[in-house]
Amino acid sequence: MRKIITTVTVIIFALAAAIAVILIENNSRTPMERYLHATGAGVNAASNTNGVSDGIKGTGGASPVILNNTHTVECEFLNYEIIDDADIASQTKYKGEFFEEGILPDSDYAVEYTDFQAMMNDHPEVEAFISSNGKEGMTEAEYYEFLDKHYDEYTTVIHPESKYLFFRCRITNLTDEETFEYLSSIKVFAMCGNELLDIAETGFYYDGPMSAEDGYIPVLSLKPGESVECVTGCRLTDEYIDFSKDISYYVGFEPVGLDNYSQLNPALDKGIVAVSALQEDLTE
Amino acid sequence: MKKTILAAIFAAAIAVSGVAGFATRANADGTGNTTDTEFSFYNMNSSGHSVGREKRNTTKVYCYPWYGPSVKYNVEGYHTATNQWMDRSNSFVISTGTQASLTNYVYENGERSARLGFVRQSYAGVYTRGYWSPDSSRNYTIFR
């Protein structure tokens, strides 16, 4: 009987000691470390420049979460909104100062479009020059002389039908060192079925803190463990997208080591999420 | 310590670039993708490439390797019709410390994504690092 009591007592003390150790260890970690331990992500930057990224999706909550290719930065998508170019100049939610050019885009903005394909079709020497990267057909001086004479014949001013995509994100530095993230590394992929139509970098609109005081460089600097909530956006045009078709949009970090975009598989690549899976921002 | 030094250098480069005519977002014609982003290439690999970026006009690609062994670079454009990256420039060995403007024909070929291709010149267990932008607001040392 005495032996049983002694054995049970030892077991109880051993369990209590184990629980105490776990509690002490847990409380010694920062909240960020406890989160990373729970999700299995690394605390220190992982060098992954030659492999395919395997960003982790959030397992809890409604906002999808992805990691950048080096697993140093996490991007949680809180919501999104798509605005047509007819409405972009009259909306008041996204301020002009945060757009690329510092003003609201013009709903009827115009760009010069030069039809190089028609130029090459009409002038075989130009086609030979361009397709040989400047080695055949004509000299570089002759090419620029040709452009001086004929550029206007093949150039028109058009208004491209456009859509503006905005993403409210929470971006977090997962490491124990200061890190930088280019907003342009968050991209939007426009697809029709399995066909990639176009890619746009976000940062065309960005209302978060800037890493530099001079110029408008959408680089986000984060201290260890720091989180920043911001809106980043892009513009897609009808140069390669027929908006009348059923277009699917995906947003995230371009996978490292992707040899060509036909390998992009948004259903499997965890660094990219479907925009349709995000919460739509319906606020005015 | 090394990352802290590199981060400080990077921050200084960013600060300088806004003033000294480095690629920034607000370029002369307001449309080029002239923001500098980093590239790196591990010199134990025989070749590699950067991620693709938007190419918005016919200007030269800016490439500035600031650290590591010399590498041979070229510019590639993504041909969506064939889902292939195509060589759209000649190949150039650019020494570390050279700000290079690379003549290319990505935009003329109707391609709207560009990337840098890398070919190793010397085998080494170190990275070559630098900055690049698909478009430029000015020219530096021109490579044709």
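Chain B of this predicted model contains one helix and 11 strands, where helices (H or I, at least four residues) and strands (E, at least two) are DSSP runs numbered from the N terminus. Read from the N terminus, the order of elements in chain B is α-β-β-β-β-β-β-β-β-β-β-β. Of the 144 residues in chain B, 53% are buried (under 20% relative accessible area, 1.4 Å probe, protein chains only). Among contacts in chain B with a separation of 6 or more, 78% join residues 24 or more positions apart, a contact being heavy atoms within 4.5 Å.

In chain A, the axes of helix α5 (residues 124-131) and helix α6 (residues 140-150) come within 11 Å and cross at roughly 125 degrees. Axes are lines fitted to C-alpha atoms over the stretch in contact, with angles from 0 to 180 degrees between N-to-C directions. A:V126, A:F129 and A:I130 of α5(A) form the contact with A:E140, A:Y143 and A:F146 of α6(A). These residues comprise five nonpolar, no polar and one charged.

Residues are numbered from 1 along each chain as its sequence is written, and chains are lettered from A and ligands numbered from 1 in the order in which they are written. Local features need pLDDT of at least 70 and side-chain atom pairs pLDDT 80 or more, whereas totals for chains, interfaces and linings use all residues; side-chain values use heavy atoms, without hydrogens and water.

Conventions:
Ala, Val, Leu, Ile, Met, Phe, Trp, Tyr, Cys and Pro count as nonpolar, Asp, Glu, Lys and Arg as charged, and the others, Gly among them, as polar. Buried means under 20% relative accessible area, exposed over 50%, partly exposed in between (1.4 Å probe, protein chains only).
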